[in-house]
Amino acid sequence: MGRLVVVSNRIADPRKTSAGGLAVALGQALEASGGLWFGWSGKVVDGGTPGEGELRVQNAGKVQLATVDLSSEDHDSYYLGYSNGVLWPVFHYRLDLADFDAGYIAGYRRVNAMFARKLKALLRPDDVIWVHDYHLIPLAAELRAMGCQQRMGFFLHIPLPPPLILAAVPEHEWLMRSLFAYDLAGFQSEADLNHFARYVGTEIPADVLGEHEFRAFGKSLQARAFPIGTDVDEFVELGKGREAQDMFEQMRREYSRRRLLLGVERLDYSKGLPQRLKAFRQLLQAYPENLGSATLIQIASPSRETVDAYAALLQELESLCGGINGNFGELDWMPVRYIHRNVARKRLPGLYRAANVALVTPLRDGMNLVAKEFVAAQDPDDPGVLVLSRFAGAAEQMHEALMVNPYDTARTAETMQRALQMPLEERQRRHQALLEGIRTQDVHWWRENFLTMLTELSQS
Ligand code: GDG
């Protein structure tokens, strides 16, 4: 394989722990090929020229990191507007939250064209280019228009909705045409792949050549599901660190007489937080033995707060938590501890390990890595129980979790109760099977599968 070039909206220095498992996994592949990672710097230049941004290239070990700044107008239209105000909600089936009419598309096109221009100057003929996520769907088409012939693959980290939902995006046909500029498109789950195949079969003039091969606009495209995993070994190692151990000890001390339920996510409407809180309230109402004992720690790390839908969610959560604590709390027990801050990554394994139950109940999620991290962090002799939404991509793999429909408040509460009461032998059995699964299909497996397919395809 030639040099690997990864393109994603944000990049991370793979040598830093705070970067997380995905960055570490991509970093290893980049390092092995002396590769390049290209993306937005995270910097917004007030009053900068739209479609222009300064390119900076720096070395991080054997890897080159190339970043471009965004003007405030591009940040508003490309990032907050089209990516997170249109594509994110629609791809998570939330047409009601999408802001279609605001004219963001011009900024989305402009930034993708700019990224392509800046990237082209850094490319070599035998590079293999791997583009990530919904911010950058048209990147390959822009590169191809400038004559780039390298192998190009795309991975969508979020779900692909059914055709009739996707068709609500005014530019849906252009977006899907852009996808055909890649050689390989990867999705998180079979459900997403199935939606893609149905879209291609019904919405555009295309030939379905096989289960994984499609032809349209004079171009062939392979599409497959590559469920992303977590770096289990890295996470287990992180769990042995002092920060994680301290966190674990502190939690166990503080909650020695209580039962701990845990939720960890970016504050996002796709994660089903209000529904989860309502189910937790129902748990306290329907099973009063939990009063004075069951405690939900909900970490909701700040995310995209200038997008309107997020501000509304923040308010709803604060009011739900206040209501539950006000109605059920005692002087020495608060049922919900809601933390709207980021927890240091080094402490996360300790927090997961101290929990009796993890609540991973998104309304829709591409995969959900928290579910896998929780399993990786458990003590196999005394593991916690995973309650998982059937609408997370992870549900296609993690069959031994307790599955819920997060819209069904009563049954979700019932499942929480079952999780809290699960006998040790059943917890061990389920955990062992889950751990085996996430170990076999970890983030390295995911990366190697995708890159092997991309390179082999292009040689044929
Ligand atoms: C997208 C897709 C897909 C969360 N809170 C804190 C924190 N986190 C970390 C978790 C985990 C990551 O963020 C979240 O990953 P998820 O997969 O759960 O969700 P998204 O952020 O929505 O990611 C998703 C993923 O891409 C990968 O393809 O699985 O479906 O939506 O690693 O640990 N980390 C720290 N503090 C926090 O407070 N340090």
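Lys-372 touches Ile-228, Gly-229, Thr-230, Met-367, Ala-394, Gln-397, Met-398 and Ile-438, residues up to four places away in sequence being left out; contact here means heavy atoms within 4.5 Å. The model is predicted, so that local features need pLDDT of at least 70 and side-chain atom pairs count only at pLDDT 80 or more, while totals for chains, interfaces and linings use all residues. Residues are numbered from 1 along each chain as its sequence is written, and side-chain values use heavy atoms, with hydrogens and water left out.

Lys-372 belongs to helix α13, which covers residues 369–377. Helices (H or I, at least four residues) and strands (E, at least two) are DSSP runs numbered from the N terminus. Lys-372 is buried and has no salt bridge. Buried stands for under 20% relative accessible area, exposed for over 50%, and partly exposed for values in between (1.4 Å probe, protein chains only). A salt bridge is a side-chain nitrogen of Lys or Arg within 4 Å of a carboxyl oxygen of Asp or Glu. For Lys-372, the nearest side chain of opposite charge is that of Asp-442, at 9.5 Å; Lys and Arg count as positive, Asp and Glu as negative, and His and the chain ends are not counted. A polar atom of the Lys-372 side chain does lie 2.8 Å from the backbone oxygen of Ile-228. Polar contacts are pairs of N or O atoms within 3.5 Å; within protein, one atom must be able to donate a hydrogen and the other to accept it, and residues adjacent in sequence count only if both atoms are side-chain atoms.

Of the 23 residues around the ligand, His-157, Val-343, Asp-365, Leu-369 and Glu-373 come nearest, a residue being counted if one of its heavy atoms lies within 4 Å. A nitrogen atom of the ligand is 3.3 Å from a polar backbone atom of Arg-345. On its own the ligand has 730 Å² of accessible area, of which the protein covers 85%; accessible areas come from the Shrake-Rupley method with a 1.4 Å probe, and for residues only the protein chains shown count as cover.

Side chains of opposite charge can pair when their charged atoms come close. The count of salt bridges comes to 26. One of them joins Glu-265 and Arg-276, with the closest N and O atoms 2.6 Å apart. Because Glu-265 lies in strand β11 and Arg-276 in helix α10 (residues 273–286), this pair ties together parts that are 11 residues apart in sequence. Both Glu-265 and Arg-276 are buried.

Arg-242 forms a salt bridge with Asp-246, the closest N and O atoms being 3.5 Å apart. These two residues stand four places apart in helix α9 (residues 242–254) and are therefore separated by about one helical turn. Arg-242 is exposed, at 58% relative accessibility, whereas Asp-246 is partly exposed, at 39%. The side chains of Arg-94 and Asp-96 also meet in a salt bridge (2.9 Å, N to O); Arg-94 is partly exposed at 23% and Asp-96 is exposed at 55%. A network of salt bridges links Lys-43, Glu-54, Arg-56 and Asp-69.

Ser-8, in strand β1 (residues 4–10), counts as buried because its relative accessibility is 9%. The Ser-8 side chain makes a polar contact of 2.9 Å with the side chain of Trp-37 and reaches the backbone oxygen of Arg-10 at 2.7 Å. Beyond four places in sequence, the residues touched by Ser-8 are Trp-37, Phe-38, Gly-39, Trp-40, His-132 and Leu-136.

Asn-84 lies in helix α2 (residues 72–91) and is buried, with a relative accessible area of 1%. A polar contact of 2.7 Å joins its side chain to that of Tyr-134. Other contacts of Asn-84, with neighbours within four places in sequence set aside, include Tyr-269, Arg-304 and Val-307.
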